[in-house]
Amino acid sequence: MKTSSLWGTPQSRYYRLLQRIEENTPAGQPPTMAVIGCADGKYVLPAARRGFKVWAIDIDEVALFGGYKKDLTGEVLMPGLASRVKAEGLEDLVEVVHGDFMAAPPQQKFDAVFTSGALQYSNNLEHSLEQMVTEVGACVKPGGLLYIDYMLPYEEKYQGRAICPEAPWWKEYFTSRPVWEVKHNRVMPPTLDKAHVEYPVDHYHQWGHLLARRTAA
Ligand SMILES: C[S@@+](CC[C@H](N)C(=O)[O-])C[C@H]1O[C@@H](n2cnc3c(N)ncnc32)[C@H](O)[C@@H]1O
């Protein structure tokens, strides 16, 4: 049975990324991937369905184990990542972790690490962005890939937030560290995102998409 995320479906570029990770992983073994801030599995299930071994962490208990959230229609039941994984028979491929990635980073390294919009959450204000990106990047194996969807300070609530800098910060972080080879770093124009759970009105965001390869340990 195919289940769906209340956050919607991944963009086509995510499927291109999965293909790239497969091509970048030594033959004969399933790719391993960490999803940091996985919510109810918008990005987890599509990878596990292709045979990836996924380590998925979020601080939000409802997103992981089910409960009620708000969307356009009011209260809505979110089945949660764990029940989606079970319904699709993917328990052997997905490890669901409830926790803060800064307090409980994984004890292993992955062929790929993916995170979308999580670093800029207000619960991370006690950290610097540099600390967080370094922690997330440390989970990537030498030769592995790091993909970050980063939020830019377009909306008023993100302006002046130290963990939500302008685009040059990202370029400077990755180009000043020889351990990273930047494959692409695209700054998108502000786009209208449709209402989704936790943000139940259509809204504008500005995103950057960064893919980098770790060249060394
Ligand atoms: C923008 S949401 C995106 C969710 C998911 N990427 C998606 O699109 O379906 C970011 C997620 O990151 C989680 N998050 C934020 N800070 C976190 C932290 N320090 N540790 C673990 N999860 C975190 C939030 O709870 C939220 O579920």
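Me: What does the accessible surface of the protein chain come to, and how much of it belongs to carbon and sulfur atoms?

Reply: This is a predicted model, and every value here is computed from it. The accessible surface is about 10,600 Å², with 53% belonging to carbon and sulfur atoms.

Me: What share of the residues counts as buried?

Reply: Buried means under 20% relative accessible area. By that cut-off, 49% of the 217 residues are buried.

Me: Which residues have the most contacts inside the largest nonpolar core?

Reply: A nonpolar core is a set of buried nonpolar residues joined through their side-chain atoms. The largest one here has 28 residues, and V113, L119, W170 and F174 have the most contacts inside it. Elements that give two or more residues to this core include β1 (32-36), β6 (110-116), α6 (168-175) and β10 (203-214). Strand β7 supplies the largest share, five residues.

Me: Which residues does F174 touch, leaving aside those up to four places away in sequence?

Reply: F174 touches V133, L146, I148, W180, V182, L210 and A212. There is also a second, separate core of 25 residues, with V35, Y43, L64 and L211 among them.

Me: How many salt bridges does a search of the whole structure find?

Reply: Side chains of opposite charge can pair when their charged atoms come close. The search finds nine salt bridges in this model.

Me: Which residue forms a salt bridge with D149, and how far apart are the closest N and O atoms?

Reply: The partner is R13, with the closest N and O atoms 3.1 Å apart. D149 lies in strand β7 and R13 in helix α1 (residues 12-24), so the pair ties together parts that are 136 residues apart in sequence. Both D149 and R13 are buried.

Me: Where do E88 and R49 lie?

Reply: E88 is in the loop between α4 (81-87) and β5 (94-98), while R49 is in helix α2 (residues 44-49), so their pairing ties together parts 39 residues apart in sequence. Their side chains meet in a salt bridge at 2.8 Å, N to O. At 16% relative accessibility E88 counts as buried, whereas R49, at 33%, counts as partly exposed.

Me: Are K69 and D60 buried or exposed?

Reply: Both are buried. K69 forms a salt bridge with D60, and the closest N and O atoms are 2.4 Å apart.

Me: Which residues are linked in a network of salt bridges?

Reply: E181, K183 and R213 are linked in such a network.

Notes: Residues are numbered from 1 along each chain as its sequence is written. This is a predicted model: local features need pLDDT of at least 70, side-chain atom pairs count only at pLDDT 80 or more; totals for chains, interfaces and linings use all residues. Side-chain values use heavy atoms; hydrogens and water are left out. A nonpolar core is a set of buried Ala, Val, Leu, Ile, Met, Phe, Trp, Tyr and Cys residues joined through side-chain atoms within 4.5 Å. Buried means under 20% relative accessible area, exposed over 50%, partly exposed in between (1.4 Å probe, protein chains only). Helices (H or I, at least four residues) and strands (E, at least two) are DSSP runs, numbered from the N terminus. Contact means heavy atoms within 4.5 Å. Accessible areas come from the Shrake-Rupley method with a 1.4 Å probe; for residues, only the protein chains shown count as cover. A salt bridge is a side-chain nitrogen of Lys or Arg within 4 Å of a carboxyl oxygen of Asp or Glu.
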